Each structure stands twice: as C-alpha cells, then as structure tokens.
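I opened my notebook today to look up a few things in a structure with two chains on my screen. Have a look along with me.

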Amino acid sequence: MTTAIAVKDLTRRFGSFTAVDSISFDVQSGEVFGFLGANGAGKTTAIKMLIGLLAPTSGDASVAGFDVATQAEDVRRHIGYMSQRFSLYDDLTVRENITLYGGIYGLSDDVIRDRGDSLIRELQLDDSRDERVASLPLGWKQKLAFSVAMLHEPAVVFLDEPTGGVDPITRRQFWEMIYTVAERGTTVFVTTHYLDEAEYCDRISIMVDGRIAAMGTPTEVKQKFGAATLDEVFLHLVRPAEASHAQSA
Amino acid sequence: MSDHETATPTSPLEVRGVSKRFGDTVALDDVSFDVSPGELFGLVGPDGAGKTTLFRILTTLMIPDSGTATVLGLDVVGDMWAIRSRVGYMPGRFSLYPDLSVEENLSFFASVFGTTIDEGRSIIAPIYDQIEPFKDRHAGDLSGGMKQKLALCCALVHRPKVLFLDEPTTGVDAVSRREFWDLLDVLRKSGLPILVSTAYMDEATRCDRVALMQQGRVLAVDPPAAISARYPYPLLALHARERHKLIQAARDYPHAKLVYPFGDELHYSDARTDLAPERIADELRARLTNDGFTDVRVAPIHAGIEDAFMELMGKPARLEKVAA
C-alpha cells in the first residue's frame, strides 16, 4: 500500500481564530476514510486545504503525491470532488454534463465518449441520457455526480456529505459504489452526518474544535471510548466542547 | 369540511386527498392524514417526497390542484388570512436576516405579527434562554445549531396555535440534531401541535405519529412503533469479519428477501414468514460458518423505522442494482 494522503501538523488560522489546529494523519491507497465532526469543527477548512483551494498557515499536506501548497494544480488534476451543493449542472443533459466535465479534466473526445457510454450503461441511465439533469430524482443525480467525479480515474476522491436527504435504499446503493471504486484502488475521503455510514468506513477521524479528537477503525474508536455506537462516541466528544463554548460566551 | 369549522375541540390539521403537480412531476399524490391536538407529527421521507410542497399548501402559500385541507378548522384556500396569523412556520432554508442581530431578528418577527418579544417570552423562554447570551451577534455569524434555535424562536414569538417546521435539522450534526428534538419535546409538553418534516429516519422515533412519504405518496401513517411492529418478515442482524463478502453471500441465500447494510451489521429479511426467527438464525449461522466466514454473529432483531421504510418503498422502478 502507498500513502494517498499525508497530513503533518496542518494548521489554518483566520485572524486570531484557529480553524484547523495542527492535525496529522495518513490515508492509504484504496482506503475509505470517514472525516467526521460537528458543524464548525473545521472539517470544511481542512478539506479546502487538501483539495488545493486554501493555503495552509503552517504544516504540510500531500495528496496523490503532490504538495497542496506548492503543487495545487497537480493536486486538483489527480482528485475527484463531489458535494451535496456542488455537483452537476441542472440545465445540461446527462450526456452534456459528462462531456463538460470530461473536457475540464482534460480527457480526449474518444475517452470521454467511451467512459461516458459505460458510465451511462452501468447507471442504467440509457433512457435518460438526453434528459436535463434537473429532471432526475435526487438519488440518481447523486450517483451520476459521483460517477462524473470519477470520470478521469482520480487517485483520490473527496465526497462532502454525498448522501444528505437521499432515501435509505439509494443511500446504501451509493455506499456500494464507494466500495467498488475503493476496491479498484481509489482512495475515498468522505464526510457525513449519518453516523451509521461512518461504520462503513475503514477508518474514521472525529474533529472537535479544529483538532482530531479520535481516529482509528470504527471498532477501535468505539472500544477506546467504551461506547456501543459511534453516536455515543460523537456525543461524548462533542458535547463538552459545546458546553464550554456556551460558558465562555 | 365546513362543519369542522365550528366543531370543538377542533382538529389542528386535516388533510384530505391533497394532490399537486408541477408540469409532469407529481409532487403530492392523494395525501391524507390528521394531526390531533397536542400531537408532534412527523413527515418522514427523502428529498422529493413532497414534504415542502405540503408545508406550502398548509401555510397558504400554494393552492392544491385537488383535495382539501384545514388548519385549526380553517380552510387553506378560503381562510388564508385567518390561518396566516395563527400559525408559526420555519421554512427549510435559513430565513433570517443575516445582517440583523439575534434580538433584532426576533423583534422584527414579533412586530410583523403585532406583538413584542416580552409578550412571546413565556413560550420562547426554553429556547431563547440558550441564545440570549449572543443576542447582539449578527444572525449570519451564528453556528448552525444556534441559527436553528433563533429561527424556531422567530416562528414561535407570536404564540401560534400550530407550528410548522420544514426540515429543521437538515445539515445539522448529530449532537445539535438531538438537542433540537429535546427542545421540540419541551414545546410538545406545552400542548402546541407540531408538524415537522425530516429526511433522517432515526428522527421518526421522536414523534407521536408519522407519515412516511416517498415521491408524493404517503406509505404509512401511524405511531413509529406501530409501523415497525407491522414489519412482515423475520428480521436478523448478521455480522462477520468479511463484511463485503457477507453482503453477497446473504443476498445469494435462497430465502433472502431484503438485505441491507446497517452500520457494521447487515439486516437480513427472510421470505419464510412462517418460520421462527431463531430457527432461521441457527440455519444461517451454520451456513456462514461452514462457508468460511469468521466472527459470525446472527441474532433475531425487531425492525426499526428505516427497515420499515425500505420495505414499504419497494424496489425502485429502475436502478435496482448499481455498479460504479
């Protein structure tokens, strides 16, 4: 196994506020890594640094072998990114979205056509290829968005709350897609508010107030805190932080 | 429905055969249910189930294509203005003024309804006490959980007789979600009827009754425990160290009806409804061990609301099985 994401003492400050406070971790190739934390814990800031959109204040991080601070362009070319908010263009058809993103990722027309065809076939979207994405049910949109984020066969894919609002069957189908790409060697870095989904990850980390408060396999993390579920662990870690905020205000 | 206008005690909410289309899309398809006085009633379903459309109809912002609905005995089409002054509505999107302070937002919403923060104090106190330390902060600078609490205060400050909350916990972390539902418990104890929607299945259990919704249709209406109790198949929790292989093995089992991952387990429904779950468990345990699985655990369990929802959804029309 090789290291797909290496993070060492990564820190980001905004004025006097430290959003990400010296976090360190490694993610191996083909690993499904769950990046958890309460709202405002610093997850989004950390992800922005890892995908080369925000410069670290200090510390180092490399993704797919490229330094996020000095080789941000290379990082972005070798990763896929999908979030609930930013994914596909509603007013373009399924086919047009694939062509557009294939072009952005620098794929040749032939490759775009071939991969687009097989993607449409595997998602069973043959009948909908010329429909506007806006007309697709949310669950399909999310699956399509994930496939499009994988179009250039990136080494690492970042999924930011990919299953919010999705029905429970589609949510599980989505995770089967995640397993499939991980088995092919792609590293999956995923955030979620569904703690049962966190159980599907090979390893998880839980961020609290800019720091990583727990990390390991879901079983290790539960054992460490003597908890039956990750929900309990989360509550245990997050509630004291919220309580101290309220006091200091 | 006009006879209900004078009946006492009035049912806070009655929905009868409500349908609504947008072009080719059926947003609501013959939806019916009642909410009883003092009830915390949940609309539970994924995005696209029709929850927001229903809220817009019930708060008189949209007219149904067919069917009728009354709020506090008032018709949602004919008695629009009377309804608007009597209900509290917290829309799904953040609806406050980010450049106004916490206190200014609350004063504004109070004044729109011709009242003051002090007059609404008794009802908002349990929530407002938690955000009052931040009353001078801009609403746009609040954390997600705090914003939700302020929005709830703004929907309550005019002392409504019914409260509508459209996905108040969407995008909110697990701890803040739990705290929000604790607040709804407090409000429920005051006797205020509440209609609340959510895409989080686990939140259904916090409601007195729920309507499970999917693509504009109501799949079931009942207390969550009653819906779970009606689950038609023997249900087992399976666990083995070889988790991914286990999914396929369980699906390939000849009597498998439904197999879904739940955290680090699988929930396995068996098609043989006449067999005792313990016997099926013994059979599966032996089979999986024999097939080389390790750390095998098989135990009969009771269905939860998410099991029930997936069973009621049935299989999607297309896309039964998906490969990346």
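I started with a term: helices (H or I, at least four residues) and strands (E, at least two) are DSSP runs, numbered from the N terminus. This is a predicted model, where local features need pLDDT of at least 70, side-chain atom pairs count only at pLDDT 80 or more, and totals for chains, interfaces and linings use all residues. Residues are numbered from 1 along each chain as its sequence is written, and chains are lettered from A and ligands numbered from 1 in the order in which they are written.

**Entry 1**

I looked up B:D30 and placed it in strand β2 (residues 25-35) of chain B. B:D30 is not a glycine, yet its phi is positive, about 60°. Is B:D30 buried or partly exposed? I needed the cut-offs: a residue is buried if 20 or more other C-beta atoms, placed from the backbone, lie within 10 Å of its own, exposed if 12 or fewer, and partly exposed in between. B:D30 has 14 other C-beta atoms within 10 Å, so it is partly exposed.

Then I went to A:D9, which lies in strand β1 (residues 3-14) of chain A. A:D9 has a positive phi too, about 50°, although it is not a glycine. A:D9 counts as partly exposed because it has 13 C-beta neighbours inside 10 Å.

**Entry 1: chain A as a whole**

I found nine helices and ten strands in chain A. The radius of gyration of chain A is 19 Å, close to the 18 Å that the globule rule gives for 249 residues, so chain A is as compact as a globular protein of that length. The radius is taken over C-alpha atoms, and the rule is 2.2 Å times the number of residues to the power 0.38. Of the 249 residues of chain A, 48% count as buried.

How far apart are the end C-alpha atoms of helix α5 (residues 138-149) of chain A? They are 16 Å apart, which agrees with the 16 Å that twelve residues should span at 1.5 Å a residue. The expected span is 1.5 Å times one less than the number of residues. Eleven of the twelve residues of α5(A) are buried, including A:W140, A:L144 and A:F146.

I found a kink of about 95° at B:I124, shortly before the proline B:P126. The bend is the angle between axes fitted to the seven residues ending at a residue and the seven starting there. B:I124 is buried, as are B:G120 and B:Y128, among others in α4(B). The buried residues of α4(B) pack against α3 (102-112), α5 and α6 of chain B.

**Entry 2: core and contact**

A nonpolar core is a set of buried Ala, Val, Leu, Ile, Met, Phe, Trp, Tyr and Cys residues joined through C-beta atoms within 7 Å. The largest one has 94 residues, and B:I194 is one of those that touch the most other members. α5(B) gives the most to this core, with eight residues.

Last, I checked where the chains meet, counting two residues as in contact if their C-beta atoms, placed from the backbone, lie within 7 Å. The contact takes 34 residues from chain B and 39 residues from chain A. On the chain B side, the largest share, four residues, comes from α10(B).
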